[in-house]
Amino acid sequence: MSQSLAKDFNFRSLLKFAFPSIIMMIFMSLYSIVDGFFIAQYVDSMALSAANIVYPAVSILLAVGIMFGTGGSAVVAAKIGQGKLEEANRNFSALTLTTLIIGILGAVLGNLFCRQICSLLGATPVLMDYGTAYLRTILSFAPVCLLQALFQSFFVTAAPGTRTFPYGVRRHYQHASGLSVCRSAPSWCCRSCPCHRLGQCIPAVAGILYFTFARKGLRFTRPEFSKGLLSTSCFNGSSEMVSNLSAAVVTYLFNMLMLKFEGEIGVAAITAILYGQFLFVALYLGYSIGVAPVFSFNYGSRNKQRLIRLYRISIRFVVVSSVIIALVAAFGSPVISAVFMQKGTYALN
């Protein structure tokens with residue numbers, strides 16, 4: 001594990017190292033996009049609008065898991081780089097326990113105040129029933145949602161290049177795609193079908209099993225909250241958390257503007273645009289998750305020269321890929337929008 005993190009990376013090898021995390025995040029974004037596709041095609045536009053109305057609440061919840069994942073993995077990887085593996089294991093276990101507790105609280109409180117949350121997010125009477133049904137289902141799985149976000153980062157720290165987790169992601173996506181079997185069912189039942197629930201649980205369960213039975217490297221042990229562990233993890237992961245929170249705020253503002261000027265159908269239209277954006281952003285989030293442990297390891301081992309090289313490689317990646325994505329978005333917007341809206345509808349026009 002430490003030998004992989006200590007590798008002297010160039011542009012090609014660093015992209016290869018981060019590639020599994022990039023693919024992982026793209027599949028995770030496809031999971032939500034598949035939700036939107038089947039909702040739009042087999043329920044109606046109002047259901048799609050409701051999903052976007054409650055998205056900020058889901059995004060805030062996910063931001064907490066990503067914060068502990070990216071921030072905590074930075075702390076743990078730095079300690080591995082310092083040769084403090086046992087302390088890293090205890091800190092990792094403590095972070096997992098904290099994330100699980102927050103997830104349970106989110107599930108309980110979210111379900112108790114579900115209608116109030118939907119109302120606060122701007123759900124109209126037309127969207128309220130759809131919104132509460134969607135949000136209750138999502139929040140019921142808050143613990144596994146947070147754990148899968150946490151493990152996304154720690155899988156990279158624990159076992160770079162492992163093929164176990166990508167396989168889990170493929171299973172995850174296959175079960176998400178299985179929502180199509182519900183297309184003939186009434187209304188919103190696809191949100192609670194077994195394949196959807198299993199799809200959310202697979203990455204979390206895979207992580208629990210992996211870190212429980214790992215014989216070497218990062219694994220679960222007796223939790224220990226070292227001084228400043230939570231505060232440092234939150235601070236390190238705050239940038240990734242803010243990225244998710246900003247998406248929640250932007251989505252909320254878009255929803256309010258669309259409801260004011262175009263009504264519920266306007267929210268459905270902006271949802272299609274945001275789904276496309278979500279897919280593009282996943283590329284950068286996956287890259288940051290993939291390379292973060294490499295930065296942290298070299299920071300812990302005080303290798304300043306490699307840190308500078310990693311930073312320059314990352315800047316090159318961001319510049320080149322952002323130009324490519326801008327061109328794809330500019331010329332491919334009709335195709336992207338048509339995935340979520342049937343031709344000839346007001347929302348697509």
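Student: At what angle do helix 11 and helix 12 pack, and is that arrangement oblique or roughly parallel?
Tutor: In this predicted model, helix 11 covers residues 229-236 and helix 12 covers residues 238-261, and their axes lie 5 Å apart. The packing angle is about 55 degrees, and angles under 35 degrees would be needed for a roughly parallel pair. Helix 11 is therefore, at about 55 degrees, placed relative to helix 12 as oblique.

Student: Which residues make that contact, and how many of them are nonpolar, polar and charged?
Tutor: Helix 11 contributes C234, F235 and N236, while helix 12 contributes S238, S239 and E240. Sorted by side-chain class, the residues of this contact of helix 11 with helix 12 come to 2 nonpolar, 3 polar and 1 charged.

Student: Why is helix 3 described as largely enclosed by the rest of the structure?
Tutor: Helix 3 spans residues 45-53, and because 7 of its 9 residues are buried, the helix is largely enclosed by the rest of the structure. The buried residues in question are A47, L48, S49, A50, A51, N52 and I53.

Student: How many aromatic pairs does the structure hold, and what is the geometry of the pair F92 and F154?
Tutor: The structure holds 13 aromatic pairs. A pair of aromatic rings is described by the distance of the centres and the angle of the planes. For F92 and F154 the centres are 4.6 Å apart and the planes stand at 45 degrees, so this pair is tilted.

Student: Where in the chain do F92 and F154 lie, and is F92 buried or exposed?
Tutor: F92 belongs to helix 5 (residues 85-112) and F154 to helix 8 (residues 142-158), so the pair links distant parts of the chain, 62 residues apart. F154 has a relative accessible area of 0% and is buried. F92, likewise with a relative accessible area of 0%, is buried.

Student: What kind of pair do the rings of Y210 and F211 form, and which residues are linked with them into a cluster?
Tutor: The ring centres of Y210 and F211 lie 5.2 Å apart with the planes at 90 degrees, so the pair is edge-to-face. Y210 counts as partly exposed at 25% relative accessibility, whereas F211 counts as buried at 0%. Ring pairs join Y210 and F211 into a cluster with F92, F151, F154, F155 and F220.

Student: Where does R302 lie, and over the face of which residue is R302 placed?
Tutor: R302 sits in the loop between helix 13 (264-300) and helix 14 (304-340), and R302 has a positive phi of about 60 degrees although it is not a glycine. With a relative accessible area of 59%, R302 is exposed. At 5.4 Å from the ring centre, R302 lies over the face of Y299.

Student: Which residues does A18 touch, leaving out those up to four places away in sequence?
Tutor: A18 lies in helix 2 (residues 11-42), where, at 0% relative accessibility, A18 counts as buried. The C-alpha atoms of A18 and V156 are separated by 8.7 Å, although these residues are 138 residues apart along the chain. The residues that A18 touches are G286, Y287, G290 and V291.

Student: Is P293 buried or exposed, and with which residues is P293 in contact beyond four places in sequence?
Tutor: P293 is found in helix 13 and counts as buried, at 0% relative accessibility. Its C-alpha atom is separated by 8.2 Å from that of S153, 140 residues apart along the chain. Leaving aside neighbours within four places in sequence, the contacts of P293 are L5, A77, V156 and T157.

Student: What separates the C-alpha atoms of S119 and V54?
Tutor: S119 is part of helix 6 (residues 114-120) and, at 46% relative accessibility, counts as partly exposed. S119 and V54 are 65 residues apart along the chain, and their C-alpha atoms are separated by 9.4 Å.

Conventions. Residues numbered from 1 in each chain as written. Predicted model: local features only at pLDDT ≥ 70, side-chain atom pairs only at ≥ 80, totals over all residues. Heavy atoms only, no water. Buried < 20%, exposed > 50% of the residue type's maximum accessible area, 1.4 Å probe, protein only. Helix = DSSP H or I, 4+ residues; strand = E, 2+ residues; numbered from the N terminus. Axes fitted to C-alpha atoms, helices over the stretch in contact; angles between N-to-C directions. Parallel < 35°, antiparallel > 145°, perpendicular 65-115°, else oblique. Contact = heavy atoms within 4.5 Å. Nonpolar A, V, L, I, M, F, W, Y, C, P; charged D, E, K, R; others polar. Phe/Tyr/Trp six-rings, centres within 6.5 Å; stacked < 30°, edge-to-face > 60°. Lys NZ or Arg CZ within 6 Å of the ring centre and 35° of its normal.
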